[in-house]
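Okay, thanks for having me, everyone. Let me put the thing up on the screen and then walk you through the parts I looked at.

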Amino acid sequence: GSRRAPEVEKAGLRAALAWLLFPPLLITVSTGTTDPALAAMLAIAVLLWRRPVLCSGMLAVAGWFKFAPFVLVPVALAPLRGRRLAGALAAIALVSLPLLGLLVALGGVRGPAAMLHSVSYQFTRGSMQSVWGALGIAGAQPFGQACVLGLIAASVVWLRQQPHRACDRRRMGALSAAILIGLQLSADYWAFLYLAWVMPLIGSSVLAGPAPAEAVSESAAIASGRLEAVGALAR
């Protein structure tokens with residue numbers, strides 16, 4: 001524990017400096033947009049990844065703040081079983097139900113549908129900074145979108161079959177960043193401000209240092225248990 005403390009402290013300092021000195025973050029903050037707030041929510045969610053109830057609740061908060069983080073919810077739920085899964089679903093409901101109730105109070109039973117209709121323009125507006133518009137390859141966009149959906153589906157299956165893989169925050173930070181980058185690139189509208197979302201996730205993966213000993217031991221214990229189960233079946 002104490003022997004690793006300086007390494008952990010240095011890793012956290014490196015990640016914090018990389019985040020604070022990231023040029024798109026400096027520009028994003030100067031514009032007064034809410035993207036840095038979303039980035040902070042995503043960073044907290046990854047830090048809480050081994051506490052599924054808190055992580056799922058934070059992803060729900062981030063998703064209601066801006067819809068994009070909802071794509072990470074299936075990935076967060078995939079490795080969970082039993083009470084952990086029930087607790088994570090309860091956390092999502094605890095965040096979502098009051099907001100849905102507020103929509104109904106303000107707009108009646110059609111309030112949620114009206115909200116979805118009001119934000120649907122996000123799927124139709126374009127941007128000159130978009131890969132598809134800048135390179136003139138709009139015909140390839142459906143393929144890019146299909147690849148992102150495939151990445152999400154493959155991640156869910158992979159974590160469902162090997163839940164111990166989710167014990168490593170670095171791995172999950174990298175996977176979350178990859179999904180969000182793919183989502184951004186496959187959309188009609190993209191702006192460099194959105195890079196602020198993924199930098200904390202990349203920093204937590206690349207600059208966080210070795211995986212914690214407890215995460216490694218937990219993964220090893222789960223894997224060992226599976227091997228023993230397979231051996232028992234074979235006998």
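Proline 24 is buried, with a relative accessible area of 13%. Buried here means under 20% relative accessible area, exposed means over 50%, and partly exposed is in between, using a 1.4 Å probe and protein chains only. That proline is found in helix α2, residues 23-31. And which residues does proline 24 touch, leaving aside its neighbours within four places in sequence? Proline 24 is in contact with Phe192 and Leu195, where contact means heavy atoms within 4.5 Å. Proline 24 and alanine 196 are 172 residues apart in sequence, yet their C-alphas are 6.4 Å apart in space.

Before I go on, the caveats. This is a predicted model, so local features need pLDDT of at least 70 and side-chain atom pairs count only at pLDDT 80 or more, while totals for chains, interfaces and linings use all residues. Residues are numbered from 1 along each chain as its sequence is written, and side-chain values use heavy atoms, with hydrogens and water left out.

Now the overall picture. The protein has 12 helices and zero strands. When I say helix I mean a DSSP run of H or I with at least four residues, a strand is a run of E with at least two, and the numbering starts from the N terminus. Of the 235 residues in the protein, 36% are buried. Take the contacts between residues at least 6 apart in sequence: 72% of them join residues at least 24 apart.

Serine 130 is another residue to look at. You'll find it in the loop between α7 (111-119) and α8. Serine 130 is buried too, with a relative accessible area of 2%. Leaving aside neighbours within four places in sequence, serine 130 is in contact with Ala187, Asp188 and Trp190. From serine 130 to phenylalanine 192 is 62 residues in sequence and 9.6 Å in space, C-alpha to C-alpha.

Okay, on to α9, residues 141-161. This helix has 21 residues and reaches 30 Å from its first C-alpha to its last, close to the 30 Å expected at 1.5 Å a residue. The expected span, by the way, is 1.5 Å times one less than the number of residues. Which residues of α9 are buried? They are Gln141, Gly144, Val148, Ile152, Ser155 and Leu159. Looking down the axis of α9, those buried residues fall within an arc of 90 degrees, so they line one face of the helix. That arc is taken from the directions from the helix axis to the C-beta atoms. Turned away from the buried side of α9 is a face with the exposed residues Phe143, Leu149 and Gln161. And the buried residues of α9 pack against α5 (73-77), α8 (131-135) and α10 (169-186).

That brings us to α10. It has 18 residues and spans 25 Å between its first and last C-alpha, close to the 26 Å expected at 1.5 Å a residue. Buried residues in α10 include Met172, Leu175, Ile179 and Leu180. What covers the buried residues of α10 includes α3 (35-47), α5, α8, α9 and α11 (195-206).

So, helix pairs. Two packed helices are described by the angle between their axes and the distance between the axes. The axes are lines fitted to C-alpha atoms, for helices over the stretch in contact, and the angles run from 0 to 180 degrees between N-to-C directions. Under 35 degrees counts as roughly parallel, over 145 as roughly antiparallel, 65 to 115 as roughly perpendicular, and the rest as oblique.

The axes of α10 and α11 come within 7 Å and cross at roughly 155 degrees. These two, α10 and α11, are therefore roughly antiparallel. Residues meeting there include Ala177 and Leu180 in α10, and Trp197 and Leu201 in α11.

Next, α3 and α4 pack at about 165 degrees with their axes 9 Å apart. That makes α3 roughly antiparallel to α4. Among the residues making the contact are Leu38 and Met41 of α3, and Leu59 and Phe65 of α4.

Last pair: how do α4 and α6 cross? The axes of α4 (residues 52-65) and α6 (residues 82-107) come within 7 Å, crossing at roughly 30 degrees. So α4 and α6 are roughly parallel to each other. Trp64 is one of the α4 residues in that meeting, and Leu103 is one of those in α6.
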